[in-house]
Amino acid sequence: MRESEQTVRYGGAREAERPLGRSIRRGLACRCPNCGEGRLFRAFLKPVDACAVCGEDMSHQRADDLPAYLVIVVVGHVLMTGYMLTDMVFRVSPWIHLAIWVPLAVLAALLTIQPIKGGVIGLQWVYRMHGFGGHDDETIDPGHPARKDGPVA
Ligand SMILES: [Zn+2]
């Protein structure tokens, strides 16, 4: 398309507000970031295709590895603090520490990964990432190498 053929639109289309804090909180509660009512997951870490209440399409989510990284950051800091504090107070063998902290780490990771993934999906929804804004990633980035018609000169 030539420059002269492009439509100039002043102000842009009016879009519904997507508050960051509210959307992440709804995601952390494993609820749809749009309405806060519908369930976000149909299985442990499998999001629904669309919200059963408001119909918001959730298939755009690409949380990928970010929830796992965030779980490592959060759980790692909490458990390392707990380990170091108890190690200062009670002098016990490393085997006892392993017996305490390894199961706790597994349990804490399992308990936090779903809400954290919900929060990540809420974040992506707020910033209209990966199609949450109603258009594909390719239309956002015309020069992206994954675009089917190749980079735009
Ligand atoms: Zn919804």
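Which handedness does the crossing of α1 and α3 have? The crossing of α1 and α3 is right-handed; a crossing is called right-handed if the near helix is turned clockwise from the far one by less than a right angle, and left-handed if anticlockwise. The model is a predicted one, in which local features need pLDDT of at least 70 and side-chain atom pairs count only at pLDDT 80 or more, whereas totals for chains, interfaces and linings use all residues. Residue numbers start from 1 along each chain as its sequence is written.

The chain has 4 helices and 0 strands, where helices (H or I, at least four residues) and strands (E, at least two) are DSSP runs numbered from the N terminus. Read from the N terminus, the order of elements is α-α-α-α. Of the 153 residues, 17% count as buried. A residue is buried if 20 or more other C-beta atoms lie within 10 Å of its own, exposed if 12 or fewer, and partly exposed in between, with C-beta atoms placed from the backbone. Among contacts between residues at least 6 apart in sequence, 50% join residues at least 24 apart; two residues are in contact if their C-beta atoms, placed from the backbone, lie within 7 Å.

Helix α1 spans residues 20-28, and its buried residues are Ser 23, Arg 26 and Gly 27. Seen down the axis of α1, these buried residues fall within an arc of 100 degrees, so they line one face of the helix; the arc is that of the directions from the helix axis to the C-beta atoms. Helix α3 is included in what covers them. The axes of α1 and α3 come within 6 Å and cross at roughly 150 degrees. Such axes are lines fitted to C-alpha atoms, for helices over the stretch in contact, and the angles run from 0 to 180 degrees between N-to-C directions. On the α1 side, the contact is made by Leu 20, Ser 23, Ile 24, Arg 26, Gly 27 and Leu 28. The residues that α3 gives to this contact include Gly 118, Gly 119, Gly 122 and Trp 125. By class, the contact of α1 with α3 has 8 nonpolar, 5 polar and 1 charged residues. Here Ala, Val, Leu, Ile, Met, Phe, Trp, Tyr, Cys and Pro count as nonpolar, Asp, Glu, Lys and Arg as charged, and the others, Gly among them, as polar.

Just after α1 comes Cys 30, with a positive phi of about 60 degrees. Cys 30 is found in the loop between α1 and α2, and it counts as partly exposed because it has 16 C-beta neighbours inside 10 Å. Most residues other than glycine have a negative phi. Cys 30 has its positive value although it is not a glycine.

Helix α2 covers residues 66-89 and helix α3 residues 94-126; their axes come within 8 Å and cross at roughly 145 degrees. This crossing, too, is right-handed. Among the residues that make the contact are Leu 70, Val 71, Val 74 and Val 75 of α2, and Ala 109, Thr 112, Ile 113 and Ile 116 of α3. The contact of α2 with α3 comprises 17 nonpolar, 2 polar and 2 charged residues.

Val 71 belongs to helix α2 and counts as buried because it has 20 C-beta neighbours inside 10 Å. Leaving aside residues up to four places away in sequence, Val 71 touches Ala 109, Thr 112, Ile 113 and Ile 116. Val 71 and Ile 113 are 42 residues apart along the chain, yet their C-alpha atoms are separated by 6.1 Å. With the same exclusion, Ile 116 touches Pro 67, Leu 70 and Val 71.

Val 71 and Ile 116 are both part of the largest nonpolar core, which has 12 residues in all. A nonpolar core is a set of buried Ala, Val, Leu, Ile, Met, Phe, Trp, Tyr and Cys residues joined through C-beta atoms within 7 Å. Other members include Cys 32, Cys 51, Trp 125 and Phe 132. Helices α2 and α3 are the elements that give two or more residues to this core, and α3 provides the largest share, 4 residues.

Arg 128 is partly exposed, with 15 other C-beta atoms within 10 Å. Met 129 is in the loop between α3 and α4 as well, and is partly exposed with 16 C-beta neighbours inside 10 Å. Met 129 and His 60 are 69 residues apart in sequence and 8.0 Å apart in space, C-alpha to C-alpha.
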